[in-house]
Amino acid sequence: MRLAVTDGRLALIEGGGARDVTRWAFAASPVRTEDPLIAFIHARNAGATPEGDAIAPPTRFSAPLSHPGKIIAAAANYRKHTQEMNPGVANPGGIHEKGFFLKAPSSIIGPGKPIRLPFADRRTDHEAELAVVIGRRGRAIAPEAVPDHIFGYTCLLDITVRGKEDRGLRKSFDTFTPMGPWVVTRDEIPGAPDLEVVCRLNGEVRQQDRTSSMIMPVAELLAWISRVMTLEPGDVIATGTPAGVGPLAPGDRVAIEIERIGGFDVPVEAAA
Ligand code: MN
């Protein structure tokens, strides 16, 4: 099934139909949250069965998560990307050396909303990534147990100012985490995800690879992260970007598409 949010309403999309499960999710969740999808995850974890009126399948989408506790992002998880970022360096190091970092949840925007470039004179790149949404709380999770902690998958753009500041600053500007168009639940993508990720800039393919090219696969990545920080329902993990990153300019349109999930595009503007 797919879970999508439009104007604060949560739609459960399944078998060509859709139901509005917003009220059910907030009522059945044992945990208070402003985020309807996180309420849905807690309600399901509590054993409740989703209920809601049939609605027309949504055609406009907000970000599927608006208030995740944290966004954790892998650094340097595709070898060709580490090479393009370190030209001439024989062994630039990958995720095992660079680790992972946090992006501010306030940087999330939904499909169609503009990325706003904070600087006219600094390179700001697109990074198309598979994102994992956590379904069950866990710490020090064994790699083989990681699937039990995954709720589903979505598409994420990890927008990044290049430069020397910490990643947390350069990747957390407002609008720097476009996400969507929905979350596809794990049962639709069983096993280790092997999905094509494509990023287009103004219609031209710029990034194209399979998630099976990751240096550290999803199970090992989440296991490692969970040895540092407890993973909570609704937490988002951006799993790293393939080669082909490049600069954005006002007037551009950047699109992400991931096999078996879907895709969306967003315009690029200069900050006011
Ligand atoms: Mn990234």
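**View 1. Parallel pairing of strand 5 with strand 16 in the predicted model.** Strand 5 and strand 16, the latter spanning residues 236–238, run parallel and are joined by three bridges. Within this pairing, Ile71 has Val236 of strand 16 as its bridge partner.

**View 2. Antiparallel pairing of strand 5 with strand 6.** Strand 6, which comprises residues 100–103, pairs with strand 5 in the antiparallel sense, and four bridges connect the two. At one of these positions, Phe100 of strand 6 stands opposite Ala74.

**View 3. The two covered faces of strand 5.**

**View 4. The largest nonpolar core.** This core holds 52 residues, of which Ile115, Leu157, Leu222, Ile237, Val254 and Ile261 touch the most other members. Helix 6 (residues 218–228) contributes the largest share, namely five residues, and at least three residues come from each of domain 1 (2–55) and domain 2 (71–270).

**View 5. The surroundings of Leu157.** When residues up to four places away in sequence are not counted, Leu157 touches Glu127, Ala128, Phe176, Thr177, Pro178, Cys199, Val254, Ile256, Phe264 and Val266. Of these contacts, Val254 is, like Leu157 itself, among the residues of the largest nonpolar core that touch the most other members.

**View 6. A second, separate core.**

Notes: Residues numbered from 1 in each chain as written. Predicted model: local features only at pLDDT ≥ 70, side-chain atom pairs only at ≥ 80, totals over all residues. Heavy atoms only, no water. Buried < 20%, exposed > 50% of the residue type's maximum accessible area, 1.4 Å probe, protein only. Pairing = 2+ DSSP bridges. Core = buried A, V, L, I, M, F, W, Y, C linked by side-chain atoms within 4.5 Å. Domains from an automatic or database assignment. Contact = heavy atoms within 4.5 Å.
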